[in-house]
Amino acid sequence: MQEEHKIREVLEKLKTGYFLPSLSGITVKLVDMASRDNTSVNDLVELIEKDPSLTTRLINLANSAFFRTIEPIASIERAVMRIGFNHLRIMALSLSIKDAFPMGKNWPMDYEKFWKASLYRAILSKSLAHQLKNCDPGEAFVAGLVQEIGLLLLFDMFIKDKDELSLMSDMLMTESGEMVELNDYPLKNLLALELERYGIDHRRIGEVALNYWKFPEAIIACQNTDLLEDDAVIVSSLCLNCEVARILSSIILHESAALEDALTNIKMKYNLEHDAIGEILMKTFYEVEGISESFRIDINSRKDFMDIMEKANKALAHLSQQFLTGGGHDESEFPNLKGLEDVKDQAAVQQTLQAVAHEIRNPLTSVGGFVKKMSAMVEPSSKGYEYVQIIIEEADKLEKALSKITGSAKK
């Protein structure tokens with residue numbers, strides 16, 4: 001009962017802006033003015049020009065690949081026209097929120113990593129909106145950017161001022177006793193731990209904060225965690241975009257995120273094939289460095305791309321191992337593929353081969369197709385080209401071997 005009262009108290013304080021960082025005064029006025037029907041372009045230009053930093057960043061943003069521009073612009077007036085009133089409001093708000101937090105690292109929070117992940121989610125969400133034409137791309141971008149903003153606030157409220165001994169007894173311990181960084185992967189585990197330790201999770205905190213900052217309701221709705229609990233739950237296209245963007249960003253940034261699992265998960269949620277996923281990621285890598293300048297986030301998309309290729313290589317190695325050991329089944333149940341020619345019971349052989357085909361073909365097709373699509377990003381003269389070609393060759397070899405051996409089972 002006392003804990004419930006404490007959480008209610010925290011939520012009430014959040015609703016009044018307590019615990020929340022102060023935003024730029026210019027941004028607060030800009031958000032208000034941009035939402036009024038009687039505001040002119042000149043009104044907004046006069047206000048923005050009072051903040052040289054915001055002026056430069058909005059012009060950079062208007063010239064970035066985000067808006068698919070051809071002709072560069074140099075004036076804030078043309079930037080306002082290109083961005084549009086509604087996008088200007090939420091873009092300026094997003095820039096201001098990002099600036100309200102420090103960069104660098106305050107263990108266990110790595111702000112650089114947090115904002116890098118947030119920017120990738122934002123662009124992935126926007127790319128999904130463009131690909132599927134299911135919601136406004138600008139809104140999708142901002143929803144992805146602030147999707148986990150509550151994590152920074154939870155850190156400030158409950159963790160930031162604790163000493164190392166307190167942290168060691170807190171939620172940041174693995175079962176083996178190691179201290180880990182605070183990040184949003186895997187998300188379900190983190191939210192469960194937050195609820196256990198603090199009686200509230202960072203998505204609930206994020207929802208209240210975004211309400212206070214006057215974000216559109218559609219963006220606030222993306223804080224909902226129902227989709228994490230039940231894939232069948234009905235949510236808006238914008239929320240679904242953000243969820244798929246979160247899964248895709250984990251492929252890029254988290255070592256422990258398995259590529260084949262992520263591709264399967266996305267196909268189930270969205271019926272998106274590997275070609276579409278590859279195209280979305282290609283667009284994201286193309287856009288991310290240009291827009292990162294406006295948000296003052298350091299991103300090396302070439303390195304991140306090669307990290308994905310390495311993950312694909314590991315996924316193929318795992319599938320190859322499954323292929324050689326009978327699809328990963330218990331050895332007492334199925335014979336090993338290496339010795340199939342010595343097996344007299346051909347019914348068992350066929351059963352093994354069909355099990356392999358069932359368990360390996362779909363992820364192999366997804367990973368192999370994904371790699372081939374992504375390889376279009378690699379310049380033939382670059383250092384990574386040869387490595388990517390080796391991965392493609394290995395995928396082809398495994399596909400041919402699987403086709404040959406499962407084909408023989410049908411004869």
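This is a predicted model: local features need pLDDT of at least 70, side-chain atom pairs count only at pLDDT 80 or more; totals for chains, interfaces and linings use all residues.
**Core**

The largest nonpolar core holds 123 residues. Those with the most contacts inside it are L119, F141, W213, F215, L281 and F370. In soluble globular proteins, nonpolar side chains tend to be buried together. For F141, contacts beyond four places in sequence are made with F66, M91, L119, A122, I123, K126, I291 and F295. One of these partners, L119, is itself among the core residues with the most contacts.

**Cysteines**

How many disulfides does a search of the whole structure find? The search gives 0. Two cysteines illustrate the result. C239 is buried, with a relative accessible area of 12%. For C135, the closest cysteine sulfur is that of C242, and the separation of 7.8 Å is likewise too far for a bond.

**Helix α15**

Helix α15 covers residues 237-253, 17 residues in total. From first to last C-alpha it reaches 24 Å, close to the 24 Å expected at 1.5 Å a residue. Of its 17 residues, 15 are buried, so α15 is largely enclosed by the rest of the structure.

**Largest pocket**

The largest pocket contains about 820 Å³ of space. Its lining is made up of 36 residues, and K113, I252, L253, H254 and E255 lie nearest the centre. Elements that give two or more residues to this lining are β2 (109-110), α7, α15, α16 (259-270) and α18 (301-324). Which element gives the most to the lining? That is α18, with 9 residues. Helix α15, described above as largely enclosed, is thus also listed among the contributors to the pocket lining.

Two loop residues, F19 and K133, have a positive phi although neither is a glycine. The table sets out their values.

| Residue | Phi | Loop between | Relative accessible area |
|---|---|---|---|
| F19 | about 85° | α1 (2-15) and α2 (25-34) | 31% |
| K133 | about 55° | α7 (111-132) and α8 (137-145) | 71% |

F19 is classed as partly exposed, whereas K133 is exposed.

Notes: Residues are numbered from 1 along each chain as its sequence is written. Side-chain values use heavy atoms; hydrogens and water are left out. Helices (H or I, at least four residues) and strands (E, at least two) are DSSP runs, numbered from the N terminus. Buried means under 20% relative accessible area, exposed over 50%, partly exposed in between (1.4 Å probe, protein chains only). A nonpolar core is a set of buried Ala, Val, Leu, Ile, Met, Phe, Trp, Tyr and Cys residues joined through side-chain atoms within 4.5 Å. Contact means heavy atoms within 4.5 Å. A disulfide is a pair of cysteine sulfur atoms within 2.5 Å. The expected span of a helix is 1.5 Å times one less than its number of residues. On a 1 Å grid over the protein atoms alone, a cavity is a set of points where a 1.4 Å probe fits but cannot get out, and a pocket is an open set with protein on both sides within 12 Å along at least five of seven lines; lining residues have an atom within 4 Å of a point. Grid points are joined across faces, edges and corners, and a volume is the space filled by probe spheres set on the points.
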